[in-house]
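Here is a guided walk through one protein model. Look at the sequence and the fold, then read on.

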Amino acid sequence: MSCFDILRDELNSNDRFCRANGIYLTEIREGYAEAVMEISEDKLNANGVVQGGAVFTLADLAFAGAANSFEGLRASAMNASVNFLRPGSGKTLTARSQVINRGKRTCLVETEVFSDNGKLVAKISTTGFFV
């Protein structure tokens, strides 16, 4: 089992909110992570599409995987900017996070969330702080 598999399993087990809401990491490698959310009735808003907070939670878990993928460093989000581009729909949403800049104490992570038909649902830019 690689260090990335251990981190994935640790984050999936210890993030109780994501676990309770069917959100989980599927892949982590250095500077990159992917997370999936199964869409169910309890994740829909009054308009019948995925609630924005659920989309952001999915992106936040992918951010955690990517930002924490550097050996010996632990990151916490300190700022995030979300652009919702279209409603989330289908059976699953997938978030892909990539660290695009890593400094001594901070990192910048870009996350894209896709519907299961490959359409871009949201773009999130998150600044992480290494604690």
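Is D5 buried, partly exposed or exposed? D5 is partly exposed, because its relative accessible area is 25% and the band between 20% and 50% carries that label. Keep in mind that this is a predicted model.

Stay with D5 for a moment. Its side chain meets that of R8 in a salt bridge, with N and O 3.2 Å apart. Both residues belong to helix 1, which covers residues 3-14. Three residues separate D5 from R8, about one turn of the helix.

R8 has another partner. It also forms a salt bridge with D9, and here the closest N and O atoms are 3.1 Å apart.

Now move along the chain to another pair. The side chains of E27 and R29 form a salt bridge, at 2.3 Å from N to O. E27 has a relative accessible area of 29%, so it is partly exposed. R29 is partly exposed too, with a value of 42%. As for D5, R8 and D9, salt bridges with shared partners join these residues into one network. Across the whole structure, a search finds six salt bridges.

Next, look for open space. The largest pocket has a volume of about 180 Å³. Which residues line the largest pocket? The lining is made by C3, F4, I6, L7, E10, E30, N68, S69, F70, E71, G72 and R74. By type, the lining of this pocket holds five nonpolar, three polar and four charged residues.

M78, F129 and V131 make a nonpolar patch of about 300 Å². Where does V131 sit? V131 is in the segment after strand 6, the strand that spans 120-130. V131 counts as exposed because its relative accessible area is 66%, and the cut-off for that label is over 50%.

T92 lies in strand 4, which runs over residues 92-102. With a relative accessibility of 24%, T92 is partly exposed. How far apart are T92 and F114 in space, C-alpha to C-alpha? They are 8.6 Å apart, while 22 residues apart in sequence.

T106 is part of strand 5, residues 106-115. Its relative accessibility is 32%, so T106 counts as partly exposed. Its C-alpha is 6.9 Å from that of T127. In sequence, T106 and T127 are 21 residues apart.

End with a loop. L44 lies between strand 2 (32-38) and helix 3 (52-67). At 26% relative accessibility, L44 is partly exposed. Now return to R29, the salt-bridge partner of E27. L44 and R29 are 15 residues apart in sequence, and their C-alpha atoms are 31 Å apart in space.

Notes. Residues are numbered from 1 along each chain as its sequence is written. This is a predicted model: local features need pLDDT of at least 70, side-chain atom pairs count only at pLDDT 80 or more; totals for chains, interfaces and linings use all residues. Side-chain values use heavy atoms; hydrogens and water are left out. On a 1 Å grid over the protein atoms alone, a cavity is a set of points where a 1.4 Å probe fits but cannot get out, and a pocket is an open set with protein on both sides within 12 Å along at least five of seven lines; lining residues have an atom within 4 Å of a point. Grid points are joined across faces, edges and corners, and a volume is the space filled by probe spheres set on the points. Ala, Val, Leu, Ile, Met, Phe, Trp, Tyr, Cys and Pro count as nonpolar, Asp, Glu, Lys and Arg as charged, and the others, Gly among them, as polar. A salt bridge is a side-chain nitrogen of Lys or Arg within 4 Å of a carboxyl oxygen of Asp or Glu. Helices (H or I, at least four residues) and strands (E, at least two) are DSSP runs, numbered from the N terminus. Buried means under 20% relative accessible area, exposed over 50%, partly exposed in between (1.4 Å probe, protein chains only). Patches are made of residues with over 30% relative accessible area and no salt bridge: like charges are joined within 9 Å, nonpolar side chains (Val, Leu, Ile, Met, Phe, Trp, Tyr) within 5 Å. Accessible areas come from the Shrake-Rupley method with a 1.4 Å probe; for residues, only the protein chains shown count as cover.
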